[in-house]
Amino acid sequence: ALHTAPSQLSRTEYDFVIVGAGTAGNVLANRLSEESSFTVLVVEAGIPNSAVVADEVPYLASTLFPNTPLTWNYTTASQSGLNGREITYPRGRALGGSSTINLQAWTRASRDDWDRFANFTGDSGWSWDEIFPYMIKSESLVQPPDHHNTSGAIVPSLHGTTGPVQISLGGFPMETDQRVLNTTQELPEEFPFNEDMNSGSPLGIGWLPFSVDTQGKRSSSATAYLQPIISRPNVDVLVMTQVTQIIASGTVNGLPHFDAIQVAQSRTSSRMQIMAKKEVILSAGAVNSPLLLQLSGIGNPATLRAVGIKPIVELNDVGQNLADHPFLTVQWSVDSTAETTDLIARNATLANQLLQEWETTGTGRYCDPGSNQVAWLKAGGDTQDASAGPTAAQIELMFFDGFVSLVQGIPATGDFFTVGVAVSSPFSRGSITLASNDPFDSPVIDPGLLSDSRDMSVMVQAVKMAMQMLQASTWDGYILKPATELSPTSSDAEIANFARNFTSTEFHPAGSLRMAPSSSQEGVVNPNLQVKGASGLRVVDASVFPFIPAGHLQACVYAVAERAGDLIKQDWL
Ligand SMILES: Cc1cc2nc3c(=O)[nH]c(=O)nc-3n(C[C@H](O)[C@H](O)[C@H](O)COP(=O)(O)OP(=O)(O)OC[C@H]3O[C@@H](n4cnc5c(N)ncnc54)[C@H](O)[C@@H]3O)c2cc1C
C-alpha cells in the first residue's frame, strides 16, 4: 500500500528496506515481493508520479526539469572543462525516480560495454550474453502509438514481449526523418544505417526506441513495475520521506551490520528508525547513494571526519569514479514547411491543441519525445578511444527538428534544426562529496565534464562529423545557415571554445559506487553488489557501473536491477 507518513506503516521492521522508489528500486520492489514470504518496504523522498499530467506526455518531458517539484534541484560545482560554469543537474524525485522525468530514449549500450564489466569484475554474469536475458525480461516491444509499419526500423526478435516496461518507436513522423535516413545512403561509410541499435552493435544511424506505450504514454518504473504490485500485502511504499542515514547496530562476521534506516519528512521533523531483517538496498541513484553512504560513515575516513562524521567502514572509492556524458547542442536555421518544435514553443494555442489531441487519441506530436533517430559513432582522426571496444561508441549524435539547448532559450523567431552531440565513452572522472553532515544539504557534485582534454578532442571531432553529415545533398534547401558562430571552416580551437561555453550534461551520472572484484582494494561493491567491508547492505542503481555505458542509461539500469533481484533471491531462498 502507499503511505505518506512513517506513522502510517503497518510494520516497524521488514525483510528488505529499499531506499529510493526510482528506476532500479521499483524493479526490486516488484521482484522481491513476488516471494510472498518476504516483506518489502520502499522509501521515496519524492511525491507520487500521478501528481502531474506532464510526466505521462512523452513530448513534455523537457518541462519536468530542472527546478520542478519532481526533481532534486542540484547544481554542479564549477566545471573546469566548461570555463568554470556550474550546470543544473536534476535527478528524478518522485515514484519512478529519473524514469519518471527522463527523455525516454531506450538503449542498451554495446556488447563490449557489458563484456568490459564482466572482465573488470571477474563475473561473467555481467557480460552481454548473460545480461541479455535480463534486458529481454524488463521490456515489451509494442506498436508505436500511430501503429505505423516498423519493419526494417527495428528487429523484433531482439526485444522482449512480456516485460513490464513498454517500449516503442516514435509515433509521430518528423520532416527530418527521411533526410537523416537519406544521409545513410549518401554517406554510407561514415554514417551507415543500423537496423537495431540494441543488438549489441549500435554503431551507425538507426531508429531510437522510447519507453512509451501504444497509448502514447510514458512507461516508467512507477507505471511498469510498482503500480501493478502496490497492493500486494507484503509491500509498503512510503513517499515524501527521506532516508537520512543507514545504521549499523552490531557486527556480523566481524563486519559492521547495517540493519536499520533513519527517516525524516523534513530537515526539522522528528526522525524515525525502521529495521531491515535481511538487507537494506540502496537505490537512491548515482548522486544520492554515495551521499547516503557517506552520511552513514562509509567512505574515505579523512573526508568524513572533515565534516564531522564518524567513519565506520573505510572505502576510499565512495563517491569517486563518477562519469557522465557531456552534451552539446549545435543549431542551424532551416526552411521548414512543418511544425517544428519552435512553433509549438511559441504558440500556446497550438500547444494546447496538441495536448488535447494526445488526451483524446494518444497520438500526434505529443506522443513522441523527439529525436526519432540517433547516430553512434567512432571519432576517428587522432582521438584517443576510451570506449570498451570495437562495438562501443565514442560519439552520439541526436537529431531534433527545432531549437534545443540546455544553456540558451529559444530565439524569438525562426525555425531550427539541432544536432545534440555527446561524448559517449569519456575519459573524465569526477566525484560526489559531502558539503556538510546534514542529510538535507546538497552534496558537492563534480561530474568533471570535459575536464580531460582527450574528451574535448572527441567533442571537437563529433561537432565536425555533425557538420559533415549536413553536407549531404539531402539537406540542400532545408538547412539554410548555421545558427551559431560555428561553420565548416571553424578551427578546432573555435569549436573547443564553443563547447566550453555551451556543453551541459546528458543527465547520465554513473559509477560513483563502482563494482570491482571482492579481492580488489578498488571499488565500493563486489560483483554481487554488496558493499565491501559491510554486512546487510547492497547498492542497486546507476552508481554501480564500473564504467559508464556508451548509451542512454535507463535500459542498462533496469537490466542491472533485474539481475540484482535474482542475486538477492538466490541468497535468501
Ligand atoms: C532529465 C533526465 C533525462 C534523462 N534522459 C534519459 C533518456 O532519455 N534515456 C535514458 O536511458 N536515460 C535517461 N536519463 C538517465 C536515466 O533516467 C537514469 O540513469 C536512471 O533512471 C537512473 O536510475 P537509478 O535507479 O540509478 O536512479 P533514479 O531513477 O534517479 O532513482 C533514485 C530514487 O531515489 C530517491 N531518493 C534519493 N535519495 C533518497 C533518500 N535519501 N531517501 C529516499 N529516497 C531517495 C529519488 O528521489 C529517486 O526516486 C535521464 C535522466 C534525467 C535526470
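Me: Which residues does the UniProt annotation "active site" cover?
Reply: According to the unreviewed UniProt entry, the "active site" annotation covers His508 and His552. UniProt positions follow the numbering used here, and annotations may be inferred rather than shown by experiment. Residues are numbered from 1 along each chain as its sequence is written. The model is predicted: local features need pLDDT of at least 70, side-chain atom pairs count only at pLDDT 80 or more, and totals for chains, interfaces and linings use all residues.

Me: What makes the annotated residues gather at one spot?
Reply: They span 45 residues in sequence, yet no two of their C-alpha atoms are more than 7.2 Å apart, so they gather at one spot.

Me: Why is His508 called buried?
Reply: A residue is buried if 20 or more other C-beta atoms, placed from the backbone, lie within 10 Å of its own, exposed if 12 or fewer, and partly exposed in between. His508 has 26 such atoms within 10 Å and is therefore buried.

Me: Why does His552 count as buried?
Reply: His552 has 27 C-beta neighbours inside 10 Å, so His552 counts as buried.

Me: Which residues is His508 in contact with, leaving aside neighbours within four places in sequence?
Reply: Contact requires C-beta atoms, placed from the backbone, to lie within 7 Å. With those neighbours left aside, His508 is in contact with Asp324, His325, Ile548, His552 and Leu553.

Me: Where is the place of His508?
Reply: His508 is in the loop between β23 (504–505) and β24 (537–539); strands are DSSP runs (E, at least two residues), numbered from the N terminus.

Note on methods
Helix = DSSP H or I, 4+ residues; strand = E, 2+ residues; numbered from the N terminus. Contact = placed C-beta atoms within 7 Å.
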